[in-house]
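Biologist: Before we discuss any details, please put the model up. I would like to learn how to read its features one at a time.

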Amino acid sequence: MTIAFIHNNRAFLPEIEAYVSFFSAHPGILTRVSRQSSLHNTPADVEWYFMGTQVRRSKNAVVVHEYASASVPPLATLRNIIKRNINCLPDYRIFYSEYVRRQFDFRDNIPFGLRGHGIMNSDPASERTGKRYDFIYVGSIDKKREPDVLLNCFAGGNLKDRTLLVLSRDYTQTALRLSGHKNIFFKGPVPYHQVYSYIHQSRYAINFMPDISPFNRQVSAKFLDYAACGIPVVTSDYQWIKEFESVYGGRYYYLLPDLSNLTWEQVNAFSYAVPDLREWTWKTQIEKSGITGFLQKRFPGLDFAGDANKNG
């Protein structure tokens, strides 16, 4: 059986590396990463789309639609409705969270599952790693996330004497505008398996998130990666992170909306703690989505449980 993971290369999708690693470990499964335009030359048994849109589906393949995020403003509700109505019907859907599922509100009987962000195995004793940066920010610096509010703190604000690594993509214009500030570094994009090494090189990690929908309601991938590395987390104060803390614990330094408390002295004085991340491994998250059980029904020769037992 062959699984083709299909995307338009416009977003961070660390889950693709995780999926390839997970499914490739099972005998009888081949994986590849494709663009939709290449499928006619190299068909697959399972076409797994990261949405986007897919108006017309293949006749001979099992189709999975994965929704990592609800639409963002402006016109977010209208855009969700349009996607719901123009996309073809898949055989299975995966949503990043219950919140994302509710935003699309599909009114059919297509089976679905939920899959949050997973973490890689990481040495939590990050203090043994040499530190090159005072802070790291991983993720998008799209204008909708209001990154200038944070960057200005390093460009001329309270942290102008501290270093910041921005690990992102599509940052050329921002980097040029801030090129006179030698304490701000831009790198990326880098393969997902290299992200943790950069996190480990940093003293503190910043989970900066605008307190607006859908950002404040969705799983924060960068926060989970930070926590997996055992790095003290400085974070915006918003709904998802508060709900996560209440369930999984940890202690994080919460920023005020105007970032007036983002100072080196206050960040250093805080007592941090890491959360319980046992439920957040990629293996657990993929299995919780229900996709392995679904694929076993469609391809009876697969035996994920048996393969897992053989592999210990």
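Predicted model: local features only at pLDDT ≥ 70, side-chain atom pairs only at ≥ 80, totals over all residues.

Biologist: Let us begin with sheets. In what order do the strands of the six-stranded open sheet come?

Modeller: The general idea is that strands of a sheet pair through backbone hydrogen bonds, either parallel or antiparallel. Here the six strands are arranged as S9-S8-S7-S10-S11-S12, with parallel pairing. At the edges sit S9 (184-187) and S12 (253-254), each of which pairs on one side only.

Biologist: How many bridges hold S7 and S10 together?

Modeller: Three bridges join S7 (residues 133-138) to S10 (residues 202-207), in the parallel sense. For a place to look, take Ile136, whose bridge partner in S10 is Ala205.

Biologist: Which strands does helix H6 touch?

Modeller: H6 (residues 192-200) packs on the sheet and touches S7, S8 (164-167), S9 and S10. The direction of H6 makes about 150° with that of S7. Helix H7 (residues 221-228) also packs on the sheet, in contact with S7, S10 and S11 (233-235). For H7, the angle is given against S10 and is about 155°.

Biologist: Which way do the neighbours of S4 run relative to it?

Modeller: S3 and S4 run parallel and are joined by five bridges.

Biologist: How many salt bridges does the structure hold?

Modeller: There are 13. The test is a side-chain nitrogen of Lys or Arg within 4 Å of a carboxyl oxygen of Asp or Glu. Glu15 and Arg115 pass it, with N to O at 3.5 Å. Glu15 belongs to helix H1 (residues 14-24) and Arg115 to the loop between S6 (112-114) and S7, so the pair ties together parts that are 100 residues apart in sequence. Both residues are buried. Together with Glu66, they are linked in a network of salt bridges.

Biologist: Where do the partners Arg93 and Asp108 lie?

Modeller: The closest N and O atoms of that salt bridge are 2.9 Å apart. Arg93 is in strand S5 and Asp108 in the loop between helix H3 (98-104) and S6, 15 residues apart. Arg93 has 3% relative accessibility and therefore counts as buried, whereas Asp108, at 29%, is partly exposed.

Arg101 is partly exposed at 25%, and Glu98 is partly exposed at 29%.

Biologist: Finally, which residues make the nonpolar surface patch?

Modeller: Val55, Leu75, Leu78, Ile82 and Ile86 make the patch, which covers about 460 Å². Val55 comes from the loop between S3 (46-50) and S4 (62-67). The label for Val55 is exposed because its relative accessible area is 58%, and exposed means over 50%.

Note on methods
Residues numbered from 1 in each chain as written. Heavy atoms only, no water. Patch = residues over 30% accessible without salt bridge, like charges linked within 9 Å, V, L, I, M, F, W, Y side chains within 5 Å. Areas by Shrake-Rupley, 256 points an atom, 1.4 Å probe, with all protein chains shown as cover. Helix = DSSP H or I, 4+ residues; strand = E, 2+ residues; numbered from the N terminus. Buried < 20%, exposed > 50% of the residue type's maximum accessible area, 1.4 Å probe, protein only. Pairing = 2+ DSSP bridges. Contact = heavy atoms within 4.5 Å. Axes fitted to C-alpha atoms, helices over the stretch in contact; angles between N-to-C directions.
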